[in-house]
Amino acid sequence: MRVIVLGAGLLGTTSAYFLSQLGHDVTVVDRQATPGAETSFANGGQISVSHAEPWANPGAPLKLLKWLGREDAPLLFRLRPDLRQWLWGLSFLRECTPARTRHNIEQIVRLGTYSRDVLQQLRRDTGIAYDQRTQGILHFYTSQKEFDAALAPAEQMRQLGCERQVIDADQAVRLEPALAHIRPQLAGATYTAEDESGDANRFTRELAKQAEAAGVRFLMGHTITALREVAGEIDHVEATDAEGRYQRLRADAYVLAMGSFSPLMAAPLGIRLPIYPAKGYSVTMPVKDASRAHQVSLTDDEFKLVFSRLTGPQGDRLRIAGTAELNGYDRDLNTVRCEAIVRRVEQLFPGAGDTARAQFWSGLRPATPSNVPIIGASRVGRLFLNTGHGTLGWTHACGSGQSIARIVSGLAPEVDFAFTAHTRQAGALRPLASAA
Ligand SMILES: Cc1cc2nc3c(=O)[nH]c(=O)nc-3n(C[C@H](O)[C@H](O)[C@H](O)COP(=O)(O)OP(=O)(O)OC[C@H]3O[C@@H](n4cnc5c(N)ncnc54)[C@H](O)[C@@H]3O)c2cc1C
C-alpha cells in the first residue's frame, strides 16, 4: 500500500520507518529541510516511562492559580482571546480528578513501557546511535510536600510494571554523586533503572537515513496546505515545494503526524483534535568540568526541569529542558525563563557547564489535556492519526510508530492502549485503484 506520512518529527519518522518495515511504499512530507527540526529538535532527551504523571492531576488547579502571571512559573497559562485555548483549559480541568489521573497514568505507562521495549529492539536490530545513556532516571525532590505527593503515583506506576523505586537522599547521592552539592536540600528521590536518555534529534535524523535506505522517500521543504476529502475519505494532500510549485500527492492511506499543527490541518475535515501548543524551553551547554556534571538523567521536581547528558559527535553537553507556557503558536525565547533555567543549573551543579556558551531553544509540545496521545484511525476514511504526544513524544515515539504502522496495515497493535477506533477504520480501508 502507498502511505503518505505528514510530518517528519519523531512521530512521523518512526511511523514511516515501521510502515516501511511492514512492506509499504512510504513518502514523508515536511516543510523543514531536515527531519526532526521542530519540536523534536532539542527536547529534554529523556525516555522516561517513570514520568507518567500528567500535568492534569488533583494538585494542578491550585498550583496553576498560584503561578498565574508569574513570569518564571514552571507552567504558565497566558489567557488569550482564543476559543481553542479556553476549551483546552476546560478539558484540562476535567482531567484533574483522581479517577481521570489514574486512568491517564495507566495509558501513559502502558504505552511508555512498550515504546521503550520497541526502542531497545530497534537499537539491537539497527545499531542506531544517538548519544544514548542507559543509566536510568533519577527524580529528585527538594520539597517534602511534593515528595510525599509523589509516593502514590509512584506506587501506581510500580503496580503497572514501571519499576520506579522510592529512595532516600543518601541513596540518590550514591547513584548520582553530582547531587552531593544539594544533599542538605534533598527531601527524597525516586529511581527508575530501566529508563534512558538520548538525543532525539540525532535519533530522528539517523532513523530517517535508515528508512531512506529501505526505500522511504522524504519530500523535505514541502509545506502541506490542505487535506482534501471526497466522499468521506481523503482524496489527496495539497502542498507547495521549496520553489513554490503546487503539488497534489495521493496515496492509499495518510498518517497525520504534524505535532502542534495537526489540529489546524484536521479542523477543515470536521475532526476536532484537542491539541494545544505548550511552549517549552531547553538550554544546551558544553560540559566545562566533567567531575561536577551529572551522568544519570535527572528530573528536578521543584523547577519541573529535566537534565540529560549528551555525549557524541557534537561533544559532551548538558541538556536542560522544561517549563510550559500556553500562549498559542508563539515561539519567542523569553529571557526571564531562559535565565531561570541557567540559574537553576548553576545552583545544582556549579561550574559543571559552560554557561557563557549556552544555546537556548523553544519548542511547541503538541499537548492534549490528558497528556495521552491520539493514535489510530480517524473518522475520515484513509486518514490515520499519530499526534498529541505532549511532554512524552520521545518516550512514546517508537511504540506509537510501531502501533500506527500495524493499525494502517490492518494488524492489531501489540499494546493495550486506548487507540482511536482502529478496528472499524482499518477494516474499511481499501487500496485506491487510480492513485497518481
Ligand atoms: C522543552 C521540551 C522538552 C521535552 N522533553 C522531552 C523529554 O525529555 N522526553 C520526551 O519523551 N519528550 C519530551 N518532549 C516532547 C517531545 O519533544 C514532543 O512530544 C515530540 O517532539 C513531538 O514530536 P512530533 O513528531 O509530534 O512533532 P514535531 O517534532 O513538531 O514534528 C511535526 C513535523 O510536522 C512538520 N509540519 C508542521 N506543519 C507543517 C506543514 N504545514 N507542512 C509541512 N510540514 C509541517 C514540522 O516541520 C515538523 O517536522 C519535550 C518537548 C519540549 C518542547
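Where is the place of Asp241? I found Asp241 in the loop between β11 and β12; strands here are DSSP runs (E, at least two residues), numbered from the N terminus.

A note on the source: this is a predicted model, where local features need pLDDT of at least 70 and side-chain atom pairs count only at pLDDT 80 or more, while totals for chains, interfaces and linings use all residues. Residues are numbered from 1 along each chain as its sequence is written, and side-chain values use heavy atoms, with hydrogens and water left out.

**Asp241.** I checked its burial: Asp241 counts as buried at 9% relative accessibility (buried means under 20% relative accessible area, with a 1.4 Å probe and protein chains only). Beyond its neighbours within four places in sequence, I see Asp241 in contact with Gly221, His222 and Gln247 (contact means heavy atoms within 4.5 Å). Its side chain reaches the backbone nitrogen of Arg245 at 2.8 Å, and a polar atom of that side chain lies 2.9 Å from the backbone nitrogen of Glu243.

**The sheet.** I then looked at the strands around this loop. β10, β11 and β12 form an open sheet in that order, with antiparallel pairing (two strands pair if DSSP finds at least two bridges between them). β10 (223-230) and β12 (246-249) each have a single partner strand, so one side of each is left without a neighbour in the sheet. Four bridges join β11 (residues 233-240) to β12, and Ala239 stands opposite Gln247 in β12.

**Cysteines.** My search of the whole structure gave zero disulfides (a disulfide is a pair of cysteine sulfur atoms within 2.5 Å). The sulfur of Cys162 is 17 Å from the closest cysteine sulfur, in Cys398, too far for a bond. Cys162 is buried at 1% relative accessibility, and Cys96 is buried at 6%.

Methods:
Buried means under 20% relative accessible area, exposed over 50%, partly exposed in between (1.4 Å probe, protein chains only). A polar contact is a pair of N or O atoms within 3.5 Å; within protein, one must be able to donate a hydrogen and the other to accept it, and residues adjacent in sequence count only if both atoms are side-chain atoms.
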